[in-house]
Amino acid sequence: MKTSYYDLINQTFYFPQEEFTLNKDNLQFHGIDLMKLVEEYGTPLKFTYLPKISKNIKRAKTWFRNSMEKLDYDGKYYYCYCTKSSHFKFVLDEALKNNIHIETSSAYDINIVEKLIEDGKINKNTFVICNGFKREQYIENIARLINNGHKNTMPVIDNYEELDLLQEQIKGKFKIGIRIAAEEEPKFEFYTSRLGIGYKNIVPFYRKQIQDNKKVELKMLHFFINTGIRDTAYYWNELLKCMKVYIALKKECPSLDSLNIGGGFPIKSSLAFDYDYQYMVEEILNQIKIACDEAEIDVPNIFTEFGSFTVGESGGAIYEVLYQKQQNDRENWNMIDSSFITTLPDTWAINKRFVMMAVNRWNDSYERVLLGGLTCDSDDYYNSEQHMNAVYLPKYNKEKPLYIGFFNTGAYQETIGGFGGLHHCLIPQPKHILIDRDKNGIIATEIFSEQQKADDVLEILGYNKKQQ
């Protein structure tokens, strides 16, 4: 009878998979022996596998290139990285190796862009697309960037007031985009996105504030669906509505030449994940081309702003199961050496599920468990996977340590959880390591940040303030 953890995974999914393989009964991630990382660095442990960032950027560029060639699509493609997914320097350094562009969402993003320019990572040909609701500091920073000569900085207008605020501070002519306030799915709590300008108001807004404005050049229409790029009637309907606005605007505004379809590519959140990226890219471009051909206008250049897709699949976290508590006849709680609320906050805040598997003991028999974090909060738990209504792991044995890994966690978790600083119940920030490969494929690791110490926390709280 097949009762091992390996048998469970092998019978439930196609396994091994591209990024997940086994070395005896230990899990490997992109050929990295995870137990060796545990032995060297301990747990809890966060890691970032840098080559995956470049790989995903190259994959997306290939899908768009192939589709444009197949469809004879006479426009250019620009890959932008959505910095809010992860602002860390090691992420930007890796992403910018691939001739990409940047999308920002708040004031301090511009300070990062200026630092990247100073370091030679960004040049005058790099587009900086400035999204988000813009208040004084963001407006000031965008203006400074443009006034200092970065003419490919393009603020995307989110509301009727922003254009006037920008013009007050920017010297000379500058490029802009306009964001469409997309209509959300019927099940959403609200009907229209709080971001952007309504479909029906965009052409009147152009006529009133842009058409005869010698200081502004409208270049881009920005379109983003909150639920992402999915093969659903809702997505295709919203895309066609967007194209109607683009065509109407293009007929009155010759300078308009770009459509930004935002982000929204999903990433692998389960071993059962299935998504045809090439099909979706081709169908999006095909729908755009058909609409433009029927209207007898040129097809737009395409911008995307992939964030989670860029960085998400590069990240992971490893924990040790410290102890098992049997709370009733059915529920066994495996307690990990960290907190889900603080280190994987999306599992708590939006019930997000990541790929989760045992790191070792794959040849042992398995059991159904719940996973609990260290905080004294009843919501600090993880109790099911996307592909099944439970968590199964090798049976707990206090004589045989068990380690578990959460994968594709590289987007948003560090900033939402608050990197450094204070965490719920003062659970310390885990150690974080970077993993790379040299030209010969040899794996190299380095510590990005050590686990937070008590003195760090006490100083923030005011107990260890240095005397003036």
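Does C130 count as buried or exposed, and at what relative accessibility? C130 counts as buried, because its relative accessibility is 0%. In this predicted model, a search of the whole structure finds 0 disulfides. C130 is accordingly in no disulfide, and the nearest cysteine sulfur, that of C80, is 11 Å away.

The aromatic side chains come next. The structure holds 38 aromatic pairs. One of them joins F29 and Y49, edge-to-face, with 6.5 Å centre to centre and 70° between the planes. F29 belongs to strand β2 (residues 26-29) and Y49 to strand β4 (residues 45-49), so this pair ties together parts that are 20 residues apart in sequence. Both rings, F29 and Y49, are buried. Y235 and W236 make another edge-to-face pair, at 5.4 Å centre to centre and 80° between the planes. Y235 and W236 are both buried.

Ring pairs also build a cluster, which links W63, Y79, F265, Y275, Y277, F306 and F309. One of these rings, Y277, has R59 lying over its face, at 5.4 Å from the ring centre. A charge over a ring is found at Y382 too, where the charged end of R353 sits 4.2 Å from the ring centre.

Charged side chains pair with one another as well, and the structure holds 20 salt bridges. Among them is the bridge between E162 and K134, whose closest N and O atoms are 3.1 Å apart. This bridge links distant parts of the chain: E162 is in helix α7 (residues 162-169), K134 is in the loop between β7 (128-130) and α6 (136-147), and the two are 28 residues apart. Both E162 and K134 are buried.

K97 counts as exposed because its relative accessibility is 58%, whereas E94 is buried, with a relative accessible area of 7%. D119 and K115 meet in a salt bridge at 4.0 Å, N to O. D119 is partly exposed, with a relative accessible area of 37%, and K115 is partly exposed at 44%. Finally, salt bridges link K89, D93 and K121 in a network.

Key. Residues numbered from 1 in each chain as written. Heavy atoms only, no water. Phe/Tyr/Trp six-rings, centres within 6.5 Å; stacked < 30°, edge-to-face > 60°. Helix = DSSP H or I, 4+ residues; strand = E, 2+ residues; numbered from the N terminus. Buried < 20%, exposed > 50% of the residue type's maximum accessible area, 1.4 Å probe, protein only. Lys NZ or Arg CZ within 6 Å of the ring centre and 35° of its normal. Disulfide = S-S within 2.5 Å.
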